[in-house]
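Biologist: I am new to this structure. Can you walk me through how to read it?

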Amino acid sequence: MPPCCSGSPLLKPDTSIKEKEGYFTAMTRRNPPPVSLLLLLVLLPLLAVAPTSLAQDFDFFYFVLQWPGSYCDTAKSCCYPTSGKPAADFGIHGLWPNYNDGSYPSNCDPNSPYDASKVRDLLSSMRQKWPTLACPSSDGTQFWTHEWEKHGTCSESVLDQHDYFQAALGLKKQVDVLQILQDAGIQPDGGNYSLKSIVSAISDAIGYTPWIECNKDEAGNSQLYQVYLCVDTSAAKLIQCPVLPRKRCGSEIEFPSF
Ligand code: 5GP
Ligand code: 5GP
């Protein structure tokens, strides 16, 4: 299996290669032998490198935001980053290239490790807008490394490392989910809100339907954990989601404080 596809239930790159091979076979059958031989010579080296180049291919991004209150009030708890308690705001979790069939590529380029020197000008914004809450406390490097290596390397054909982190920060600036919810009277006050009201508030504000992911607090209550927005392949424009993740929330969910 190519390294690109470990997280993917459907191996799109492989499928594409098979489609290519079928096309190739059909073409060569229709052509007289000298042409097909020539084609074979030209196409064989291309097919040999196909898995790497096709691995860069994807259909859209999920831009995923996490509510820190819901990451921290679980049985597992959380650890604040070494820079201190993050703002009571949705933080970036990731910008994830995805396929329209719901599968996704991952870990596409082992030769492209996270390199903080490439995002030096963004680090202070990343600390604020992309804070890590995993334990033990850290400065965020592990979280950003994971997100770049698992997801970012799969959109390298469009965004290099600097542009990838910059694009995510730009999207965070573009959509203020907390403000949108508060404007609709939905506050992080530990109260319960209908999932419908949360989805409607965001849809009405941005013009596209978000996907809401829930998790459970220590007492087992379902709560607003992550907001998924869909973004075009340039990572600049919000779009209607071509496919939604499968996990579902209850109809009433808690919005915990942080
Ligand atoms: P979980 O299993 O907790 O839903 O997801 C674990 C991780 O798998 C996520 O943090 C993310 O890295 C990846 N992941 C889960 N669902 C999706 C998806 O629908 N699309 C993409 N691109 N990645 C996903
Ligand atoms: P994903 O679920 O995106 O595949 O994996 C997230 C990885 O980043 C996990 O190894 C997790 O421990 C680490 N991580 C570090 N900080 C955070 C955080 O604030 N939120 C989440 N969801 N994962 C974090």
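Modeller: Start with the largest pocket. Strand E2 gives the most to its lining, with four residues. Keep in mind that this is a predicted model.

Biologist: What is the volume of the largest pocket, and which classes make up its lining?

Modeller: The volume is about 580 Å³. By class, twelve lining residues are nonpolar, seven are polar and six are charged.

Biologist: Let me step back. How many helices and strands does the protein chain have?

Modeller: The protein chain has eight helices and seven strands. It holds 258 residues, and 47% of them count as buried. Look at contacts between residues at least 6 apart in sequence: 75% of these join residues at least 24 apart.

Biologist: How do I read two helices that pack together?

Modeller: Two packed helices are described by the angle between their axes and by the distance between those axes. Now take H5 (residues 141-150) and H6 (residues 161-174). Their axes come within 11 Å and cross at roughly 110°. Angles from 65 to 115 degrees count as roughly perpendicular, so H5 and H6 are roughly perpendicular to each other.

Biologist: Which residues make that contact between H5 and H6?

Modeller: H5 brings Trp144, Glu147 and Trp148. H6 brings Gln161, Tyr164 and Phe165. By class, this contact has four nonpolar residues, one polar and one charged.

Biologist: How should I read the spacing of residues along a helix?

Modeller: An α-helix has 3.6 residues a turn, so residues three or four places apart point the same way. Keep that idea in mind when you look along H5. Trp144, Glu147 and Trp148 of H5 all take part in the contact with H6.

Biologist: Which residues of H5 are buried, and what covers them?

Modeller: The buried ones are Phe143, Trp144, Thr145, Glu147 and Trp148. Their cover includes strand E1 (60-66), E2, H4 and H6.

Biologist: Next, the backbone. Where is there a cis peptide bond?

Modeller: It joins Cys135 and Pro136, with omega about -5°. Pro136 lies in the loop between helix H4 (123-129) and H5.

Biologist: Which residues have a positive phi although they are not glycines?

Modeller: Ser77 is one of them, with a phi of about 65°. Ala235 is another, also at about 65°. Ser77 sits in the loop between helix H3 (68-72) and E2. Ala235 lies in the loop between E5 and strand E6 (238-239).

Biologist: Are Ser77 and Ala235 buried or exposed?

Modeller: Use the cut-offs. Buried means under 20% relative accessible area, exposed means over 50%, and partly exposed is in between. Ser77 has 37% relative accessibility, so Ser77 counts as partly exposed. Ala235 has 5%, so Ala235 counts as buried.

Biologist: Where is Arg248, and is it buried or exposed?

Modeller: Arg248 is in the loop between E6 and E7. Its relative accessibility is 70%, so Arg248 counts as exposed. Compare sequence with space here. Arg248 and Cys214 are 34 residues apart along the chain, and their C-alpha atoms are separated by 7.2 Å.

Biologist: What about Gly185: where does it lie?

Modeller: Gly185 lies in the loop between helix H7 (177-183) and strand E3 (192-194). At 43% relative accessibility, Gly185 counts as partly exposed. Gly185 and Ala201 are 16 residues apart in sequence, and 9.3 Å apart in space from C-alpha to C-alpha.

Biologist: One last residue. Where is Pro256, and what does it touch?

Modeller: Pro256 is in the segment after strand E7 (252-254). Leave out residues up to four places away in sequence. Pro256 then touches Trp67, Gly69, Ser70, Asp73, Pro188, Gly190 and Gln223. At 5% relative accessibility, Pro256 counts as buried.

Biologist: How far apart are Pro256 and Asp189, in sequence and in space?

Modeller: In sequence, they are 67 residues apart. In space, C-alpha to C-alpha, Pro256 and Asp189 are 5.7 Å apart.

Conventions
Residues numbered from 1 in each chain as written. Chains lettered and ligands numbered in written order. Predicted model: local features only at pLDDT ≥ 70, side-chain atom pairs only at ≥ 80, totals over all residues. Heavy atoms only, no water. Axes fitted to C-alpha atoms, helices over the stretch in contact; angles between N-to-C directions. Helix = DSSP H or I, 4+ residues; strand = E, 2+ residues; numbered from the N terminus. Parallel < 35°, antiparallel > 145°, perpendicular 65-115°, else oblique. Contact = heavy atoms within 4.5 Å. Nonpolar A, V, L, I, M, F, W, Y, C, P; charged D, E, K, R; others polar. 1 Å grid on protein atoms, 1.4 Å probe; cavity = no way out; pocket = protein on both sides within 12 Å on 5 of 7 lines; lining within 4 Å. Points joined across faces, edges and corners; volume = space filled by probe spheres on them. Buried < 20%, exposed > 50% of the residue type's maximum accessible area, 1.4 Å probe, protein only.
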